[in-house]
Amino acid sequence: MEKGKKRIGIFAFFLLTVLTIALKTYFAYYVDLSLGVKGLTQNLILLMNPYSLVALLLSVFLFFKGRKAYWFIFTGGFLLTFLLYANVVYFRFFSDFITFSTLNQVSNVDSMGGAVGASFQWYDFVYFIDTLVYLFILVFKQKWLSKNVFHKKFVPVVMATAIALFFLNLAFAETDRPELLTRTFDHKYLVKYLGPYNFTVYDGVKTVQNNQQKALASEDDLTKVLNYSKQKNVEPNMQYYGKAKGKNVIKIHLESFQTFLINKKIHGQEVTPFLNKLSSGNNDFRYYPHFYHQTGQGKNIGR
C-alpha cells in the first residue's frame with residue numbers, strides 16, 4: 001500500500017480472523033454436520049456459538065507487539081481451523097465428534113486409510129481459503145500491515161466481552177435444552193448448542209474429571225451407583241414388553257456396522273438388500289436404529 005493509505009491494524013486482523021473462522025463454522029454446520037437444527041432459536045444459537053472461545057483465545061495475542069502479534073493470531077486461527085476440519089472429516093465417517101478419548105486411537109488411522117480418504121470432499125478447500133490469503137499477506141504483503149500497537153488496557157475488555165458472549169450463548173442454550181451440561185449422552189447436542197470449540201474444552205475438562213474419579217474410586221462409590229440405579233429404575237415400555245415371549249429370538253449382531261448403510265444405494269444398487277427387508281419393521285422383525293453407546297472409547301460394540 002502507498003504511503004498515506006490505511007493499513008490493516010492488529011485489531012482489524014483479529015476481527016477478520018474471528019469472523020472468517022465463524023463463517024467456516026457456519027458452512028460446516030449447514031453443509032457437513034447433521035445436528036438436527038430446528039426452529040428460529042436453535043438457528044440463532046448456531047450463529048452465536050462460534051465466537052466466544054475463538055475471540056477469547058485469539059485476544060491473548062493482542063498483548064504482543066509488531067509482526068509477532070499478526071503471526072500468533074494467524075497460527076491460532078489456523079489451529080482452530082484445523083480442529084474444525086478434523087471434526088468435519090471425523091463426523092463424515094463416524095457421525096460423531098473428536099474427543100480426547102478417541103485421540104488415544106490415532107494409531108488405528110493407518111489401517112483405515114482408504115475409509116478416511118473417502119471422507120474428503122472436493123469443496124474442502126473452502127475451509128482454508130482465508131488461511132492462504134492471510135499467509136500470503138504475512139509473507140508477501142507485509143507493507144499492508146500497520147505497525148501500530150493495540151492498547152493493552154483494552155485487551156481485558158475484549159476478553160470480558162468474549163466471556164459474556166459465552167454465558168449469553170449458554171443461557172439461550174439452557175432455555176432450549178435444560179440441563180445441557182449434565183445430560184451429555186449425545187455429543188451432537190453439545191456441539192449444536194455450544195459449538196465445536198467450546199465442546200473440545202468441555203470434553204477436556206470432563207476427561208480430566210473422569211480420570212481423577214477412576215484414580216480415586218473405591219467400593220463405596222459402587223454402592224452409590226447401585227443405589228442410584230435402583231432409585232432411577234424405569235418401568236419397561238409396554239408397547240414392546242413381552243413381545244418375544246414364547247418365541248425363538250434371533251439377534252443379528254454386525255461387527256463395526258453403521259446405520260447409514262441401511263437403505264443406502266450406490267449406482268442404483270442396494271448395499272444391504274437383505275437387511276433392508278428386515279429393517280422394514282413388519283410383524284416378524286424389529287429394527288432398532290436409535291441407541292446410545294456406553295463404550296469408553298469409540299462406538300464399536302465389539303470392543
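Predicted model: local features only at pLDDT ≥ 70, side-chain atom pairs only at ≥ 80, totals over all residues.
Helix 9 has 20 residues and reaches 28 Å from its first C-alpha to its last, close to the 28 Å expected at 1.5 Å a residue.

Helix 7 (residues 155-176) can be described in a similar way. Its 22 residues should span 32 Å at 1.5 Å a residue, and its end C-alpha atoms are 32 Å apart, which agrees. The buried residues of helix 7 are Val155, Val158, Met159, Ala162, Asn169, Leu170 and Ala173. Seen down the helix axis, these buried residues fall within an arc of 120 degrees, so they line one face of helix 7. On the face turned away from that buried side, helix 7 carries the exposed residues Thr161, Phe167 and Thr175. Among the elements that cover the buried residues of helix 7 are helix 1 (10-31), helix 2 (39-48) and helix 9 (196-215).

The aromatic rings form 22 pairs, and two of these are set out below.

| Pair | Centre to centre | Angle between planes | Type |
|---|---|---|---|
| Phe13 and Tyr70 | 5.4 Å | 65 degrees | edge-to-face |
| Phe150 and Phe154 | 6.4 Å | 55 degrees | tilted |

Phe13 in helix 1 and Tyr70 in helix 4 are 57 residues apart, and their pair links distant parts of the chain; both residues are buried. In the other pair, Phe150 counts as buried because its relative accessibility is 14%, under the 20% limit, whereas Phe154, at 38%, counts as partly exposed.

Methods:
Residues numbered from 1 in each chain as written. Heavy atoms only, no water. Helix = DSSP H or I, 4+ residues; strand = E, 2+ residues; numbered from the N terminus. Expected span 1.5 Å × (residues − 1). Buried < 20%, exposed > 50% of the residue type's maximum accessible area, 1.4 Å probe, protein only. Arc of directions from axis to C-beta. Contact = heavy atoms within 4.5 Å. Phe/Tyr/Trp six-rings, centres within 6.5 Å; stacked < 30°, edge-to-face > 60°.
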